[in-house]
Amino acid sequence: MTAFLMALLITALLGSVPIFVALGGAVLCSMLLFTPLDPMVLVQRAFAGIDKFALMSMPFFIFAANVMDRGGLSTRILKWTKSLVGARSGGLAYTTQFTCMVFGSLCGSSPATVVAMGRLLYPELRAEGYSQSFAAGLVTSAGSVSLIIPPSITLIMYAAVTGVSVGSLFMAGISAGIVYGLANVVYIWFYLRRHPAKTSAPSTWAQVWRQTVESAWSLLTPVIILGGIYCGVFTPTEAAGVSVVYCLFVGMFIYREINLKDLMDVCLRSAVTCAQVLILVAMAQSFGWFLTVARIPQTVTAAVISSVKSPLVFIALVNAILLIVGMFMEGLAAIVILGPLFFTIGTSLGIDPLHLGIIMVSNLALGNFTPPFGLNLFVASSVTGLSLSEVIGASAKFILVAIGGLLVISYCPPLSTFLAGWVYGS
């Protein structure tokens with residue numbers, strides 16, 4: 001049964017069948033052929049998979065991200081970041097990386113960051129003389145940090161399947177996201193030593209102040225979300241709702257770039273995105289449940305524990321598995337399927353569940369732009385007008401850089417956990 005289940009799933013995925021259909025179809029066929037279970041159980045498990053408190057914040061954060069994109073918040077953040085670092089040699093490259101990190105802390109979506117920032121920054125990078133390969137690779141990779149820096153949908157999913165505190169994961173994601181992003185900054189610095197770029201006129205203090213004032217409403221968004229959670233004013237789920245109200249207020253009444261027609265479009269786009277994410281989660285949860293019924297996780301756990309005694313070796317194994325999985329599977333599905341399995345083994349080896357979650361999400365952030373199915377690759381191809389093969393080639397060096405950042409996060413646990421320990425005393 002197990003061999004049939006996995007063979008059917010892999011065949012469906014290789015045949016470009018939608019992931020949720022591949023997961024649900026593999027389970028349904030296996031149930032009908034090898035078990036006496038009523039197929040209605042699959043529907044019940046799918047509903048139970050999305051009937052989780054931790055998932056309540058997901059639609060709000062998706063809606064808030066779309067409001068920010070349409071309401072002009074992302075454009076103002078770009079101008080503010082450019083006023084700070086744009087005057088350095090290669091300032092626009094640094095601006096791209098830092099803007100994606102800031103915007104990632106607002107929307108929590110890697111593809112959304114690539115779309116919003118890529119449309120604005122890729123033409124500017126090319127106009128300033130950056131090579132097509134470097135510009136496309138930077139835009140594609142810089143957006144992946146959104147999976148780590150809160151509010152991250154993937155971190156919320158890890159919390160839902162393991163029971164780890166969402167607030168603690170958000171705090172850990174801040175420091176880990178900075179480390180992950182700084183790996184790109186280091187590469188940009190080395191790149192610019194060999195390929196000097198144009199230097200813009202430095203911004204005066206008056207210009208920096210003006211951009212800061214104009215962007216203040218946008219920059220308050222992460223302060224409200226994370227500050228509210230940190231100060232105990234509201235829970236992460238309540239913070240998601242607050243972020244929607246705040247972003248709507250800014251977009252409609254402060255910047256006045258959203259009217260009622262735009263709002264309807266934003267609602268529709270957000271509803272479609274939520275439906276896509278939640279049906280994937282439902283089917284992935286059903287798949288994970290069926291694996292448990294077949295005792296596959298228990299068997300794998302026992303085999304790994306008997307052969308792997310070192311936490312460091314297990315972390316290396318997790319990284320290797322997730323780097324491969326991330327090439328073929330969307331991050332949320334991977335978390336739902338592998339999260340409980342790795343959580344069980346990791347805790348038995350004494351690995352901090354918080355640190356393990358950050359390692360998993362960092363791997364899947366990298367998976368967003370690794371071929372052949374990294375979602376950012378397809379999005380960047382659309383944004384830049386390049387072919388998929390050109391975008392993949394452009395991203396190759398950035399993949400190696402991201403692996404370096406991943407190794408630092410994996411083997412230096414305090415970088416991921418110190419902030420959560422300081423805030424929550426754990």
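Trainee: Is P196 buried or exposed?

Mentor: P196 is exposed, because its relative accessible area is 67%; with a 1.4 Å probe on protein chains only, exposed means over 50%, buried under 20%, and partly exposed in between. This is a predicted model, where local features need pLDDT of at least 70 and side-chain atom pairs count only at pLDDT 80 or more, while totals for chains, interfaces and linings use all residues. Residues are numbered from 1 along each chain as its sequence is written, and side-chain values use heavy atoms, with hydrogens and water left out.

Trainee: Where is P196 found?

Mentor: P196 is in the loop between α10 and α11 (205-230); helices are DSSP runs (H or I, at least four residues), numbered from the N terminus. The C-alpha atom of P196 is separated by 9.6 Å from that of G129, 67 residues apart along the chain.

Trainee: How exposed is W189?

Mentor: W189 is partly exposed, because its relative accessible area is 39%. W189 belongs to helix α10, and its C-alpha atom is separated by 8.8 Å from that of Y94, 95 residues apart along the chain.

Trainee: Which residues touch the most other members of the largest nonpolar core?

Mentor: A nonpolar core is a set of buried Ala, Val, Leu, Ile, Met, Phe, Trp, Tyr and Cys residues joined through side-chain atoms within 4.5 Å. Here the largest has 115 residues, and F134, M157, Y180, F314 and F342 touch the most other members. Helix α10 (residues 166-194) supplies the largest share, 13 residues. Another core, of 15 residues, lies apart from it, with V67, Y246, C247 and L248 among them.

Trainee: What is Y180 in contact with?

Mentor: Contact means heavy atoms within 4.5 Å. Neighbours within four places in sequence aside, Y180 is in contact with S144, V145, I148, S362, A365, L366, F369, A402 and I409.

Trainee: How many cavities of 30 Å³ or more does the structure hold?

Mentor: A cavity is a set of points on a 1 Å grid over the protein atoms alone where a 1.4 Å probe fits but cannot get out, and lining residues have an atom within 4 Å of a point. The structure holds 1 cavity of 30 Å³ or more, and about 60 Å³ of space lies in the largest cavity.

Trainee: Which residues line the largest cavity?

Mentor: Its lining consists of Q97, S141, A142, S144, V145, Y180, G181, N184, F369, F398 and A402. α8 (132-142), α10 and α19 (388-411) each give two or more residues to that lining, with α10 giving the most, 3 residues.

Conventions: On a 1 Å grid over the protein atoms alone, a cavity is a set of points where a 1.4 Å probe fits but cannot get out, and a pocket is an open set with protein on both sides within 12 Å along at least five of seven lines; lining residues have an atom within 4 Å of a point. Grid points are joined across faces, edges and corners, and a volume is the space filled by probe spheres set on the points.
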